[in-house]
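Here is a short briefing to read alongside the structure.

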Amino acid sequence: MARLRWMTSGESHGPRLTAIVEGVPAGLPLLAEDVDVDLARRQRGYGRGGRMKIETDRITFTGGVRNGETLGSPIGLAVENKDHANWLDRMAAAPLPSEPEALTRPRPGHADLAGGQKYDRKDLRDILERASARETAARVAVGAVCKKLLAAIGVDVFAHVVAVGDVPATLPEITIAELRARARASDMACVDPDAELKMKEAIKTASHAGDTLGGVFEVIATGLLPGLGSHVQWDRKLDGRLAQALMGIQAIKGVEIGDGFRAATGPGSTVHDPIGFDAETRVFTRMSNHAGGLEGGITNGQPVVVRAAMKPIATLRKALSSVDIRTKEAFEAAFERSDICAVAAASVVGEAMVAITLADAVLEKFGGDSLLELRRNVATYEEQLRGFGER
Ligand code: EPS
């Protein structure tokens with residue numbers, strides 16, 4: 001089962017976010033730059049709020065890396081919250097000299113009310129600080145380490161935005177490598193330049209109206225061998241594990257694998273991917289990839305394609321009604337500084353969560369305490385696949 005263990009800690013306006021990830025083999029080249037590029041990508045995207053002007057996220061390794069290589073020991077990752085300096089009077093760990101003013105007005109769509117009830121907090125800040133999507137910076141850091149591991153065995157993971165609000169992108173008929181390059185070149189992670197302009201317009205319009213927008217992103221992973229995940233038990237199915245990983249991102253309300261919900265609408269003859277065989281490379285092929293690279297909860301050698309739907313940011317300038325938890329008075333929800341649209345940022349988080357899930361599945365199948373051992377195990381399995389069905 002899970003070979004990679006990881007966890008994050010930290011509040012949005014606390015001193016820093018930290019993560020520990022255990023199970024990464026020794027001998028993987030790893031530099032701060034490898035992580036910082038993804039941290040920077042997560043901060044971009046038209047429609048982010050004022051907070052992103054305060055933060056410039058950078059990683060500090062606090063364990064598990066020496067002389068530019070992993071040691072096989074737990075990797076400690078830390079990202080400072082520069083904004084913490086402005087919150088010392090409210091967010092210090094030590095008892096505060098005076099009780100900070102309690103936030104008693106839950107915002108609809110946030111964890112404020114349900115979390116406050118569950119943990120019995122009279123100050124809802126105790127909930128919203130951890131529920132905040134600031135935490136995803138730590139996940140992106142873990143994901144960057146996992147992407148580096150996956151790259152070492154020829155696996156690539158990238159994300160792109162396929163819709164913002166009701167503006168869809170049209171996917172051009174180009175290779176996956178070209179899709180990836182276009183996504184990387186766009187600050188909305190959008191491969192369709194016309195749609196990107198319309199998305200930005202829609203975000204601007206929403207902003208003027210005091211509103212926010214959601215959207216959909218897609219994550220594509222290439223270079224995966226068949227055989228990751230398993231059909232034998234419900235919690236080992238890789239599609240289910242990917243769905244949980246994506247659904248666990250703040251504000252995600254829907255996940256699709258391959259054709260997803262569309263697969264429910266057509267006849268079977270249009271939904272499944274006929275099997276072929278390339279005699280030269282001795283690899284089984286497919287003409288289509290409706291399954292999104294997963295059959296029976298196992299990778300089938302095709303690119304893994306997953307999508308996630310993000311609801312609009314729940315902090316609105318246009319107030320929604322709510323009730324004060326102390327006085328029980330009705331009020332219009334107070335506005336705090338907020339993003340208008342964070343779908344491009346969420347796509348980077350999705351990329352990280354998919355990379356973490358796939359790295360775990362890779363380690364589960366191939367093991368290896370060192371990168372050398374992992375690679376050797378992968379090569380042996382590839383050799384085994386070449387003789388499949390003929391022994
Ligand atoms: C967030 C609210 C905003 C966002 C934040 C997520 O922060 P603040 O309350 O400080 O204005 O900017 O996102 C980040 C800080 C980030 O790094 O992505 C929320 O409530 O989820």
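**Ligand site and overall fold**

The ligand takes up the space of the largest pocket. Keep in mind as you look around that this is a predicted model.

**Who surrounds the ligand**

**Polar contacts and cover**

- Arginine 51 places a polar side-chain atom 2.8 Å from an oxygen atom of the ligand.
- Serine 132 also takes part through its side chain, where an N or O atom is 3.4 Å from a ligand oxygen.
- At alanine 133 the backbone is involved: one of its polar backbone atoms is 2.8 Å from an oxygen atom of the ligand.
- On its own the ligand has 460 Å² of accessible area, and the protein covers 88% of that.

**The chain as a whole**

- The protein chain contains 11 helices and 17 strands.
- Its C-alpha trace spans about 75 × 50 × 40 Å along the principal axes.
- The radius of gyration of the protein chain is 22 Å, which agrees with a compact globule, because a globule of 391 residues would have a value near 21 Å.

Terms used
Residues are numbered from 1 along each chain as its sequence is written. This is a predicted model: local features need pLDDT of at least 70, side-chain atom pairs count only at pLDDT 80 or more; totals for chains, interfaces and linings use all residues. Side-chain values use heavy atoms; hydrogens and water are left out. A polar contact is a pair of N or O atoms within 3.5 Å; within protein, one must be able to donate a hydrogen and the other to accept it, and residues adjacent in sequence count only if both atoms are side-chain atoms. Accessible areas come from the Shrake-Rupley method with a 1.4 Å probe; for residues, only the protein chains shown count as cover. On a 1 Å grid over the protein atoms alone, a cavity is a set of points where a 1.4 Å probe fits but cannot get out, and a pocket is an open set with protein on both sides within 12 Å along at least five of seven lines; lining residues have an atom within 4 Å of a point. A molecule sits in a cavity or pocket if more than half of its atoms lie within 2 Å of its grid points. Helices (H or I, at least four residues) and strands (E, at least two) are DSSP runs, numbered from the N terminus. The radius of gyration is taken over C-alpha atoms; the globule rule is 2.2 Å times the number of residues to the power 0.38.
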